[in-house]
Amino acid sequence: MKVTLAGMAGRNFIDIWNIGGHDVHPVLYYFILHIISLFTNNSILAFRIFSGVIISLTGILGYTHIRKDFGEKVGLIFSFLVFFSPVSAVYANEIRMYSLCMFLVTILSIYSYRLTKERKISYYIIFFLSSLRKYIYTLLWTDDSRNNKYNFTYIFYKN
């Protein structure tokens with residue numbers, strides 16, 4: 001798997017888009033890895049550090065966001081579970097999109113909760129941007145999406 005990710009990250013954005021359209025893995029994650037590879041010369045260590053940083057950011061959300069909404073105790077428990085969960089340890093070590101997915105879904109959940117309490121334009125913007133993750137990851141670039149005539153990619157690439 002590491003070889004495939006490093007190989008995709010080493011390509012240019014157009015190649016990633018074209019090849020990734022036939023792959024079940026999300027192109028957005030390949031784009032992020034490509035940007036990292038531009039600065040680190042396709043370093044596997046840098047890709048692993050990226051996954052670890054994303055897991056750390058997810059844990060920090062317990063202190064910065066969840067604590068404000070649910071109290072200090074809940075924020076501490078959330079951060080503890082993220083930092084000391086075996087799943088988080090595995091995801092932090094793997095060069096896979098699961099750490100980024102966990103981070104974006106957590107942000108989506110936090111801001112969907114906040115929107116039920118208070119209607120702020122900034123909450124809508126963050127909610128919208130984090131909810132794009134679901135569309136980008138599950139609909140745009142999976143093999144199943146090519147069978148859907150109403151899909152975004154079908155409209156532009158129906159040759």
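**The nonpolar patch and its setting**

Leu 45, Ile 49, Val 53, Leu 57, Ile 60, Ile 77, Phe 80, Leu 81, Phe 83 and Phe 84 form a nonpolar patch on the surface, with about 980 Å² of accessible area together. A patch is built from residues with over 30% relative accessible area and no salt bridge; nonpolar side chains (Val, Leu, Ile, Met, Phe, Trp, Tyr) are joined within 5 Å, like charges within 9 Å. Areas come from the Shrake-Rupley method with a 1.4 Å probe, and for residues only the protein chains shown count as cover.

This is a predicted model, in which local features need pLDDT of at least 70 and side-chain atom pairs count only at pLDDT 80 or more, while totals for chains, interfaces and linings use all residues. Residues are numbered from 1 along each chain as its sequence is written, and side-chain values use heavy atoms, with hydrogens and water left out.

Helix H4 (44-70) and H5 each supply at least two residues of the patch. Helices are DSSP runs (H or I, at least four residues), as are strands (E, at least two), numbered from the N terminus. Ile 60 counts as partly exposed because its relative accessibility is 42%; the class lies between buried (under 20%) and exposed (over 50%), with a 1.4 Å probe and protein chains only.

Helix H4 also holds Asp 69, which is paired with Arg 114 in helix H7 (residues 98-117), 45 residues away. The structure holds 1 salt bridge. Asp 69 is partly exposed, at 24% relative accessibility, whereas Arg 114 is buried, at 9%.

The chain as a whole has 9 helices and 0 strands. Of its 159 residues, 36% count as buried. Its accessible surface comes to about 9,800 Å², 67% of which belongs to carbon and sulfur atoms.

Confidence is given as pLDDT, from 0 to 100 for each residue. The chain mean is 78, and 79% of residues reach 70 or more. Helix H5 (residues 72-84) has the highest mean, 94, and helix H9 (residues 152-156) the lowest, 42. Over residues 138-159 pLDDT stays under 50. Where pLDDT is low, the predicted coordinates should not be read in detail.

Key
pLDDT = per-residue confidence, 0-100. Contact = heavy atoms within 4.5 Å. Salt bridge = Lys/Arg side-chain N within 4 Å of Asp/Glu carboxyl O.
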